[in-house]
Amino acid sequence: MDTSLRAATLDDVLLLQLENPDGYPRLTRAVLSELDRRLDALLTSPERHKTIRAIVIIGTPEAFAAGADIEEVAALTPVEASR
């Protein structure tokens with residue numbers, strides 16, 4: 001299973017947790033896109049923007065993330081990798 005991004009709100013803190021039940025979380029393009037989507041939604045929502053005062057991004061207790069998904073990176077063209 002791929003890494004997923006779970007969100008929870010604790011008072012005025014948005015907690016985003018990277019999860020991967022098969023091992024350490026990996027920073028895939030899909031995870032980075034989902035992170036971007038959630039942060040953009042927060043910034044463009046006046047109600048949420050006023051209620052969230054901090055954003056905390058965490059991984060697992062063992063590690064924040066394993067890093068980039070090497071298989072995914074290896075399949076990218078140089079142009080795709082530069083984005």
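These legends describe close-up views of one predicted model.

Local features are given only at pLDDT of at least 70 and side-chain atom pairs only at pLDDT 80 or more, while totals for chains, interfaces and linings use all residues. Residues are numbered from 1 along each chain as its sequence is written, and side-chain values use heavy atoms, with hydrogens and water left out.

**View 1. Three strands form an open sheet in the order 1-2-4**.
The pairing in this sheet is mixed. Strands here are DSSP runs of E with at least two residues, and helices are runs of H or I with at least four; both are numbered from the N terminus. Two strands count as paired if DSSP finds at least two bridges between them. Strand 1 and strand 4 are the edge strands, each pairing on one side only. On average, neighbouring strands of the sheet are turned by 20° against each other, direction ignored. The axes behind this angle are lines fitted to C-alpha atoms, for helices over the stretch in contact, and angles run from 0 to 180 degrees between N-to-C directions.

**View 2. Strand 1 and strand 2 run antiparallel**.
Seven bridges join the two strands. Strand 1 covers residues 4-10 and strand 2 covers 13-19. A7 stands opposite L16 of strand 2. In general, strands of a sheet pair through backbone hydrogen bonds, either parallel or antiparallel.

**View 3. Strand 2 and strand 4 run parallel**.
Five bridges hold this pairing. L15 has V56 of strand 4 as its bridge partner. Q17 stands opposite I58, again in strand 4.

**View 4. D11 takes a positive phi in the hairpin of strand 1 and strand 2**.
The hairpin has two residues between its strands. The phi of D11 is about 55°, although D11 is not a glycine. Most residues other than glycine have a negative phi. D11 sits in the loop between strand 1 and strand 2. D11 counts as exposed because its relative accessible area is 76%. The classes are buried under 20%, exposed over 50% and partly exposed in between, with a 1.4 Å probe and protein chains only.

**View 5. R6 and E19 meet in a salt bridge between side chains**.
The N to O distance is 3.2 Å. The pair links distant parts of the chain: R6 is in strand 1 and E19 in strand 2, 13 residues apart. A salt bridge is a side-chain nitrogen of Lys or Arg within 4 Å of a carboxyl oxygen of Asp or Glu. R6 is partly exposed, at 44% relative accessible area. E19 is partly exposed too, at 25%. The whole structure holds five salt bridges.

**View 6. A salt bridge joins the side chains of D12 and R53**.
Their N to O distance is 3.6 Å. D12 lies in the loop between strand 1 and strand 2, and R53 in the loop between helix 2 (46-51) and strand 4; they are 41 residues apart. D12 is partly exposed, with a relative accessible area of 29%. R53 is exposed, at 71%.

**View 7. E34, R37 and R38 are linked in a network of salt bridges**.
In the R38 and E34 bridge, the closest N and O atoms are 2.7 Å apart. Both residues lie in helix 1 (residues 29-44), four residues apart, about one turn of the helix. R38 is partly exposed, with 23% relative accessible area. E34 is partly exposed as well, at 22%.

**View 8. N20 and P21 lie in the loop between strand 2 and strand 3**.
Strand 3 spans residues 26-27. N20 is buried because its relative accessible area is 7%. Its side chain reaches the backbone nitrogen of D22 at 3.0 Å. P21, in contrast, is exposed, at 61%. P21 and S4 are 17 residues apart in sequence and 9.2 Å apart in space, C-alpha to C-alpha.

**View 9. I55, I57 and F64 form a nonpolar patch on the surface**.
Together they have about 250 Å² of accessible area. Accessible areas come from the Shrake-Rupley method with a 1.4 Å probe; for residues, only the protein chains shown count as cover. Patches are made of residues with over 30% relative accessible area and no salt bridge; like charges are joined within 9 Å and nonpolar side chains (Val, Leu, Ile, Met, Phe, Trp, Tyr) within 5 Å. I57 lies in strand 4, residues 54-58. I57 is partly exposed, at 34% relative accessible area.

Notes:
A polar contact is a pair of N or O atoms within 3.5 Å; within protein, one must be able to donate a hydrogen and the other to accept it, and residues adjacent in sequence count only if both atoms are side-chain atoms.
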